[in-house]
Amino acid sequence: MVMRHRRLPAAACTVLLAGLAAALSACSSGPGQPSNVITVSSNQCGGRWQVPGPGWHTIQISNEGTSGAEIDLTDPANGAVYAEIENTGPGTVNPITIDFGSGSYALLCLFNDFSPLRGPAVTVAGHVAGSKAVLPVTYNDLIPYAKKYATEEEAAIKVLAAQTAALAAAVRGGDRATARRDWLTAHLQYETLGDAYAAFGDFDTEIDGRADPTGVSSPQWTGFFRLEYGLWHGQSLKSLVPVAGTLNKNVDQLAVWWPTQQVPLADLGRRAHEVIENALQFQLTGHDDYGSGTTLASTAAAVTASRVLLALLHPLIAPRYPQLPQVCTGLDQLQSLLDKEQQPSGWWVAESALPSAQRQAIDAAAGQLLQELAPIASITEPRNTASDF
Amino acid sequence: MTSESQEPVTPGPAPQPAAPRPGRRSFLRGLAGGIAGGVVAGGAAGAAAGYHGRTTPADPAAVADEAALTGRLNAVPFHGTYQAGILPAPSRATAVVSFSATAQHKRELTDLFQTVTDRARFLTAGGTPPPVGIDGPPSDSGVLGPTVVPDGLTVTFGVGSTLFDDRYGLAALRPVHLTPMKSFPNDDLDPAQSDGDLIVQLSAGNTDTVLHALRDITKNTRGGMQANWRIDGFTSPARPAGTVPRNLMGFMDGVANPAVTSASQMDSLVWVDPAASGEPGWTAGGSYLVVRLIRMLVEFWDRVDIEEQETMIGRRRGTGCPLDGTSLDAIPDYANDPTGDVIPLTAHMRLANPRTAQTASSVLLRRAYNYDRGLDQVGDLDQGLIFTCFQQDIKRQFEAVQTRLIGEPLVDYISPFGGGYFLALPGVTGPGDYYGRTLLA
């Protein structure tokens with residue numbers, strides 16, 4: 001998580017405080033309760049604070065330091081996080097609301113430019129269940145996974161490079177049917193790489209860019225979709241030789257560039273979710289169908305990409321996300337619905353030709369899957385903990 | 001308004017719908033991730049009960065204060081013999097949305113109906129959605145602010161004839177008069193805007209309340225149902241004050257309706273009566289809902305002189321009085337006007353309800369809304385009426401009325417293009433009940 005230093009005007013925060021005082025009394029258990037505003041700064045994280053007892057309570061964290069801070073409410077035994085507020089500016093007051101069950105609680109103060117501080121532990125007696133805490137995933141946790149992912153992607157990009165070379169050769173060879181088949185093979189391989197959050201930088205625009213910004217006639221438009229457009233709109237293969245050549249060259253450059261990059265740790269989990277969001281927005285809508293009618297195949301490739309990431313991150317996600325099995329079921333269900341649309345010829349029913357019942361079944365499966373994937377981005381977000389420093 | 005008292009919402013015990021089986025995909029989405037009491041796997045209390053246990057109920061006094069300040073309506077109680085959205089006068093804002101059921105079998109369909117029930121319960125009562133920890137997106141869209149205000153939201157949930165096909169084993173339980181919507185001679189029905197397995201109508205005091213509810217319901221049911229078509233509607237303030245709101249032809253709409261405060265009228269005209277009618281027993285407490293999406297050719301209409309307009313309708317445009325009457329709620333005296341010299345025999349009002357002893361049983365409870373969206377191919381406005389009506393028997397009531405209207409002069413100025421026949425389900429009677437329990441259990 002990037003710590004940003006943020007200042008808010010003091011006057012606004014005074015108003016904020018006054019408004020919250022009213023909200024406080026609505027939230028607190030009754031009249032005469034001790035104020036639950038807890039002060040934190042870079043040299044003290046909470047002082048003595050109390051929880052009135054088990055149940056839903058809101059504590060107000062007042063940042064009286066001179067820099068921005070993230071404040072976590074943690075289980076002091078293992079650092080698991082119940083709730084967090086990020087990017088609190090100096091002078092602001094922000095609420096944390098959880099269902100306090102029996103156990104211990106401690107604030108963790110992560111001020112910009114200062115060492116992390118853990119405040120004193122507060123105990124709630126008894127045997128009452130409450131909100132569950134989640135062990136945060138740290139930057140250190142993610143590093144080996146990022147390395148493994150980079151290596152896997154590198155191998156997959158090399159496979160792609162061989163396929164785009166074959167594709168370029170097929171286009172030069174002049175047989176449209178062969179060129180189309182090789183196009184599909186290479187394009188689907190690219191889609192399984194799971195580019196999301198600008199994983200491939202400018203390469204994605206060159207290799208898999210849409211016509212939207214430039215228009216289909218623009219010479220600036222390159223890549224898989226450009227080639228698809230030509231192969232399925234009767235453009236001569238001779239005219240497409242440079243297009244296929246450029247594509248092949250760009251993929252070769254991607255293969256050289258990729259190993260020099262560090263995969264942003266925050267993006268690993270997000271990508272598993274985002275590739276399916278992209279599939280819903282561009283492939284299942286048919287937006288990215290430039291003539292081949294294979295966007296359902298692309299969606300299936302996106303499912304594979306998501307699966308690869310989830311398999312990679314499984315040891316991190318499984319202990320933190322009880323619904324993970326449902327995600328896997330959801331991926332399987334969407335995959336199986338999509339696979340039904342592949343024809344014996346190896347080509348696919350176009351999204352635009354789907355009968356309503358199949359269309360809705362796929363939309364339902366994709367929509368449900370996305371709801372189940374969404375928490376994974378939050379769960380796998382790298383977080384600072386005391387032990388990081 | 002109805003005779004139901006508008007009781008303030010008091011926080012009650014957490015509802016306990018049936019628990020999902022462990023490990024099975026569930027549409028019960030209230031929990032957003034791992035922080036929960038009672039997560040899906042094996043939790044006896046069930047995921048949805050866990051959600052409700054975590055929602056902070058609305059404080060009635062605070063809600064009433066806020067309503068006064070912000071113009072939000074008070075909560076309409078959700079539980080009852082009948083669905084709460086049927087009898088009240090049209091709200092300021094509505095959305096009518098048709099869905100296909102994509103649940104894969106009856107167990108999932110039941111799951112779906114329970115989820116819709118849970119969401120409707122929460123949205124109509126209001127409250128503070130549970131905060132999530134570090135393991136998921138927010139549980140609420142935030143469109144209504146940190147606390148969801150009820151704002152008079154009602155949810156009306158109905159089923160269409162196609163739900164009773166072979167997917168869910170319900171064929172033998174299809175209501176007698178529930179068929180795909182019939183096309184009448186002047187109709188121009190677009191299949192893409194007609195019918196559906198399920199219908200959801202959301203009505204509230206403000207548009208954002210309606211949209212927030214729609215977004216919440218669709219978020220929680222993506223696997224189980226998918227929208228086919230939707231249309232948003234509104235009710236104009238009555239002008240002059242104290243009269244009846246107008247439609248987009250400039251005429252007051254819904255002046256004459258059966259008295260919703262009369263239980264005997266509601267029992268004979270609105271509520272399905274299984275004992276008397278041969279309808280399956282599970283329909284008790286339900287009502288047939290007919291939705292008609294009707295485009296008004298408003299540019300054409302505005303080029304027609306006022307006498308012609310008023311004789312087509314049967315009322316004065318300005319005052320809403322029937323042509324033979326001196327007050328808005330005057331009952332037209334057709335017996336004294338047998339040849340239609342005052343109110344023409346072809347007037348819409350007269351054809352729809354001739355007010356004879358024989359036609360008394362065909363009277364509808366009408367709940368129409370205005371809609372306005374977009375343009376047609378010649379740049380004319382696409383606006384008109386979302387006509388909804390509730391009745392005991394579609395054939396005896398809506399179809400009889402619509403048959404009388406065939407060929408009326410008004411047909412030149414309207415074009416029905418969608419809608420459908422549905423059965424609005426019996427009411428959810430209490431915390432342990434759910435939509436469609438008598439059909440599915």
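These notes cover selected helices and residues of chains A and B in a predicted model.

1. Conventions. The model is predicted, so local features need pLDDT of at least 70 and side-chain atom pairs pLDDT 80 or more, while totals for chains, interfaces and linings use all residues. Residues are numbered from 1 along each chain as its sequence is written, chains are lettered from A and ligands numbered from 1 in the order written, and side-chain values use heavy atoms, without hydrogens or water.

2. Chain A overall. Chain A has 10 helices and 9 strands. These are DSSP runs numbered from the N terminus (helices H or I, at least four residues; strands E, at least two). Of its 389 residues, 53% are buried, with buried meaning under 20% relative accessible area, exposed over 50% and partly exposed in between (1.4 Å probe, protein chains only). Among contacts (heavy atoms within 4.5 Å) with a separation of 6 or more, 73% join residues 24 or more positions apart.

3. Helix H7 of chain A. H7(A) spans residues 267–283 and has a kink of about 30°, centred on A:His273. The bend at a residue is the angle between axes fitted to the seven residues ending there and the seven starting there. A:His273 is itself buried, and the other buried residues of H7(A) include A:Arg271, A:Ala272, A:Val275 and A:Phe282. Their cover includes H2 (139–173), H3 (176–192), H8 (295–317) and H10 (356–379) of chain A.

4. H8 against H9 in chain A. H8(A) packs on H9(A), residues 324–339, at about 160°, with axes 10 Å apart. Axes are lines fitted to C-alpha atoms, for helices over the stretch in contact; angles run from 0 to 180 degrees between N-to-C directions. The pair is therefore roughly antiparallel (angle over 145 degrees; under 35 is roughly parallel, 65 to 115 roughly perpendicular, the rest oblique). Residues in contact include A:Leu296, A:Arg307 and A:Ile317 from H8(A), and A:Leu324, A:Asp332 and A:Leu338 from H9(A). By class, this contact has 10 nonpolar, 5 polar and 2 charged residues. Nonpolar means Ala, Val, Leu, Ile, Met, Phe, Trp, Tyr, Cys and Pro; charged means Asp, Glu, Lys and Arg; the others, Gly among them, are polar.

5. B:Thr110. This residue lies in helix H3 (residues 106–125) of chain B. B:Thr110 is buried, because its relative accessibility is 5%. Leaving out residues up to four places away in sequence, B:Thr110 touches B:Tyr434 and B:Leu440.

6. B:Ile306. B:Ile306 sits in helix H8 (residues 306–313) of chain B. Its relative accessibility is 30%, so B:Ile306 counts as partly exposed. B:Gly407 is 101 residues apart from B:Ile306 along the chain, and their C-alpha atoms are separated by 20 Å.
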